[in-house]
Amino acid sequence: MLRSVNSGNIFVKKIINLHLQRNFFCTASASLFQALDTSATSPLAFSNSDTNDEVSPTPTDRGPLPIITSRKLEYCPTHRVRRQSWVENLDTIPEQKLGLIDLHPDIFAHFPRIDILHQNVRWQMLYQKVSWTSVKTRAEMPGGGRKPWPQKGTGRARHGSIRSPLFYKGGKAHGPRGPTTYFHMLSFYSRVKGLCIALSVKFAQDDLKIVDSLDIPSEDPKFIKDLAEERSWGASVLFVDDTDIMPKNITLATDPIGHFNLMPVYGLNVYSMLKHETLVLTTAAVDRIEDRLLFQLHRNDAHAMTGKSAKPIQVTSNQTFY
């Protein structure tokens with residue numbers, strides 16, 4: 001009887017704790033949604049409460065927040081959950097949340113296939129490798145034009161030149177003849193899935209940051225260094241935009257820093273994403289990446305891309321897809 005009473009008391013205490021946790025969660029959720037509602041009229045709703053004594057550059061006037069409200073995703077399955085990420089700013093060193101952006105689950109939530117990542121990295125490292133090792137054949141060796149001894153009568157094996165591969169310091173038979181390239185073409189979908197997996201891994205590890213633009217108010221390298229240190233971006237950062245004409249300030253600021261690099265969308269690759277600790281994408285770059293990768297994943301002529309007779313297909317007058 002005593003055991004049943006104690007069990008009942010424990011059960012009642014658990015119910016009370018669950019009720020209190022539920023009330024706390026509802027209160028926290030209400031406070032969060034209230035902060036999101038007031039962000040439309042308060043540009044500093046998501047800014048950090050700490051203030052710097054130093055005079056920071058003037059931030060860009062981007063209008064009311066949040067700047068991202070909704071985003072249409074093509075080919076999005078109904079059973080897949082859309083991923084979301086904060087959109088940050090680059091015009092101030094303290095981080096400001098500008099809004100939320102929806103990310104396609106097929107691009108940013110792919111299953112992490114380490115074998116496909118290894119294939120892409122090995123492929124990229126090998127296609128830039130050229131072996132210049134070369135050895136001389138018997139025809140290229142100096143000397144050896146005279147027959148070393150008569151054909152018969154000496155009891156020795158017959159030879160015609162001391163530069164034969166059988167002799168010491170003779171020419172090499174079947175040796176390396178550089179330059180030799182190790183290029184091989186990785187399969188089409190291994191390259192496409194490699195990009196999706198690398199983006200998904202960066203997003204899952206919280207190493208993928210999305211910004212509204214790459215405009216910064218100063219061309220001083222110290223500004224971008226302090227920004228990366230404040231936001232814990234790590235030692236190396238890769239900035240990606242949808243165009244190869246980057247803003248002037250960030251170009252001059254990252255030029256003397258060897259581990260901060262700029263790259264357009266058409267140059268994005270698996271090796272560069274894994275080499276840098278943090279990947280920073282603009283919202284325009286996200287749109288461009290999803291548009292290109294979704295086209296490749298859902299094209300109706302994929303069988304032609306995986307065969308031996310794969311040829312470039314002209315889509316428009318300015319664009320060629322392989």
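Modeller: Helices (H or I, at least four residues) and strands (E, at least two) are DSSP runs, numbered from the N terminus. It's a predicted model, where local features need pLDDT of at least 70, side-chain atom pairs count only at pLDDT 80 or more, and totals for chains, interfaces and linings use all residues. Residues are numbered from 1 along each chain as its sequence is written, and side-chain values use heavy atoms, with hydrogens and water left out.

Biologist: How are α4 and α8 oriented to each other?

Modeller: The axes of α4 and α8 (residues 283–297) come within 11 Å and cross at roughly 140°. Axes are lines fitted to C-alpha atoms, for helices over the stretch in contact, and angles run from 0 to 180 degrees between N-to-C directions. Under 35 degrees counts as roughly parallel, over 145 as roughly antiparallel, 65 to 115 as roughly perpendicular and the rest as oblique. So the word for α4 and α8 is oblique.

Biologist: Which peptide bond is cis?

Modeller: Most peptide bonds are trans. Look at Pro-179, in the loop between β3 (130–131) and β4. With omega near 0°, the cis bond runs from Gly-178 to Pro-179.

Biologist: And what is the phi of His-174?

Modeller: His-174 is in the loop between β3 and β4 too. His-174 isn't a glycine, yet its phi is positive, at about 60°.
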